[in-house]
Every structure is written in structure tokens, then in C-alpha cells.
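Trainee: I am new to this structure and would like to go through it with you. Could we begin with one of the helices?

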Amino acid sequence: MALKVAIVGLPNVGKSTLFNALTQTAAAQAANYPFCTIEPNVGDVAVPEPRLDALAEIAGSREIIPARINFVDVAGLVRGAAQGEGLGNQFLANIRDCDAIAFVSRCFVNDDITHVEGRIDPISDLDIIETELMLADLESLEKRVVNLEKRAKTGDKESAATLGLMNLALAQLREGRPARAAAVPTGDEKGWRMLQLLTAKPALYVCNVDEGSAAGGNAFSGQVAERAARDNAKSVVISAQIESEIALLDREERTEFLE
């Protein structure tokens, strides 16, 4: 079963452009207005792995089947999504179905592309996204924890164990940190995953920069890298626009362009 990754961010930060680059298509409409994407775009991509060729040769395999990643380009989130603003619950449901999240932050300046908040501040963008996901997790846990407390008091060991994990998550969320920042006890990983928390999913912070900053990043992407380290996440720098253009070239043209 393919790993399913949600591409998430505010409107006009480059989510659909990144999706097009990853899937090597122009399937996702990328336009300069909020909610250009409403229904999520979905693309299935084979993971390049040169070691498979060597293993296939050793084993005499007639067919090579690489691992696959399923990318989901989710509609842009806005402040108040947890209370139904923008696409609200539809947005959150699309993320809940995924195994991991790629948070796209706008780390480029372009006056021709509007920003829904009227400024370029990738950390503030991430704060908005994480806050909405944390609010959704808080609401979910606080509804479930009441019944679990009652069952745990009757001596139900499974309920008591789950309650302990919920309280661990709530402690992080109430401090304004995503659930993934929690230190999950060894052996409780399966129970933790069963909570199905949005902010417990593995996260990658994608710094979408201008072409000139693609190699080494810029001041904006540096701020995002620091934030990722704090939130127990990873970060990567990419120029989605140039990558999406390269992805549409045939193999020979692509190699020539990159050289």
C-alpha cells in the first residue's frame, strides 16, 4: 500500500505547483486566487531506487515494482478552518486520511502573487496551519476523553492506557505544541497512532523559494528550518516553479537544462 502524503499550506504558497513537479504533470491548476483547488488533486508516483536494479539482477527478477507515494494536493487552509472557515471540515478530513504531511511555506517575494494574509511571513503561515490542526485535535480529544475516564475508573486496562496517551497529547496541545513533539513511551507507538491525531503525523516543512535561492535557501527558509527542528519535523528547500517546469521536459532536455 502506497504512503499517502498531504500537501498542505495557505492559499497561493505553491502547493499545486509543487504537486505538479512531484507528479511530473500539469494536472493541478495553479492560479493567483484563494481556493483555486477545491477537490484535492491526487497523484501516484514511483519512488526512484537504483538499488532495486542491482537486486533484481542478482535475484534474476523479471519484474521490478518500486515503492510508491500517493500525493494529495489539499485545498488551501485559512484562519478559522477548525471552526468551518474556508473549506473547513472538508480540508481536515482530507488530511486525516493521509499518513504524513508536507507543510508548504511561502519563502519567496513576488508582488504579482497575492498572499491571503497580505504579507510574507512563513513562520506566521506555519503558526496558522498548526493552530488549526491543533484546535481540531483538541476538540477531538476533549470529546473522547470524558467517556474514557469513566471506563478507566471501572478498571478497564485498555481504556486506562489510551487515556494516558490522550493526556500526553493534550499536555502538548494545551502548551501550543503539536502532538508529534510528545515523547511517546516505548511500546505505545501503535496506541499513539490509533488516536489518529492530525498533529501527530510525520511532518516535512517545504520551503518554497525563488529560483535564485534554490541551491542554498534564504533568510525565510532558515527560519523554517529552525522551526522544524523545534517541532520534531524535517525541512527541505525547493523552487516549486522551476521544478514543475523541468518536470515537463523529456529526459534528454531535462538533463541538458540541469547541466
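**Helices, an aromatic pair and confidence**

Mentor: Helix α5 (residues 157-174) has 18 residues, which should span 26 Å at 1.5 Å a residue; its end C-alpha atoms are 25 Å apart, which agrees. The expected span is 1.5 Å times one less than the number of residues. Helices (H or I, at least four residues) and strands (E, at least two) are DSSP runs, numbered from the N terminus. This is a predicted model, in which local features need pLDDT of at least 70, side-chain atom pairs count only at pLDDT 80 or more, and totals for chains, interfaces and linings use all residues. Residues are numbered from 1 along each chain as its sequence is written, and side-chain values use heavy atoms, with hydrogens and water left out.

Trainee: Which residue caps the N-terminal end of α5?

Mentor: Asp156 does, with a side-chain oxygen 3.1 Å from the backbone nitrogen of Glu158. After α5 comes Gly176, with a positive phi near 80 degrees.

Trainee: And what do the buried residues of α5 pack against?

Mentor: They pack against α4 and α6 (189-194). Among them are Leu163, Met166 and Leu170; buried means under 20% relative accessible area (1.4 Å probe, protein chains only).

Trainee: How many residues does α4 have?

Mentor: Helix α4 (residues 122-153) has 32 residues and reaches 45 Å from its first C-alpha to its last, close to the 46 Å expected.

Trainee: Where does α4 bend?

Mentor: At Val145, by about 30 degrees; the bend is the angle between axes fitted to the seven residues ending there and the seven starting there. Just after α4, Gly155 has a positive phi of about 95 degrees.

Trainee: Changing topic, how many aromatic pairs are found in the whole structure?

Mentor: One. The ring centres of Phe103 and Tyr205 are 5.4 Å apart and the planes stand at 90 degrees, so the pair is edge-to-face. Rings of Phe, Tyr and Trp (its six-membered ring) pair if their centres lie within 6.5 Å; planes under 30 degrees apart count as stacked, over 60 as edge-to-face and the rest as tilted.

Trainee: Why does this pair tie together parts that are 102 residues apart in sequence?

Mentor: Because Phe103 lies in strand β4 (residues 100-106) and Tyr205 in strand β5 (residues 203-208). Phe103 is buried, at 0% relative accessible area, and Tyr205 is buried, also at 0%.

Trainee: Lastly, what is the mean pLDDT of the chain?

Mentor: The mean is 84, and 85% of the residues reach 70 or more; pLDDT is the predictor's confidence in each residue, from 0 to 100. Over residues 84-88 the pLDDT is below 50. Where pLDDT is low, the predicted coordinates should not be read in detail.

How values were computed. Contact = heavy atoms within 4.5 Å. Buried < 20%, exposed > 50% of the residue type's maximum accessible area, 1.4 Å probe, protein only. Polar contact = N/O pair within 3.5 Å; in protein donor to acceptor, adjacent residues only side chain to side chain.
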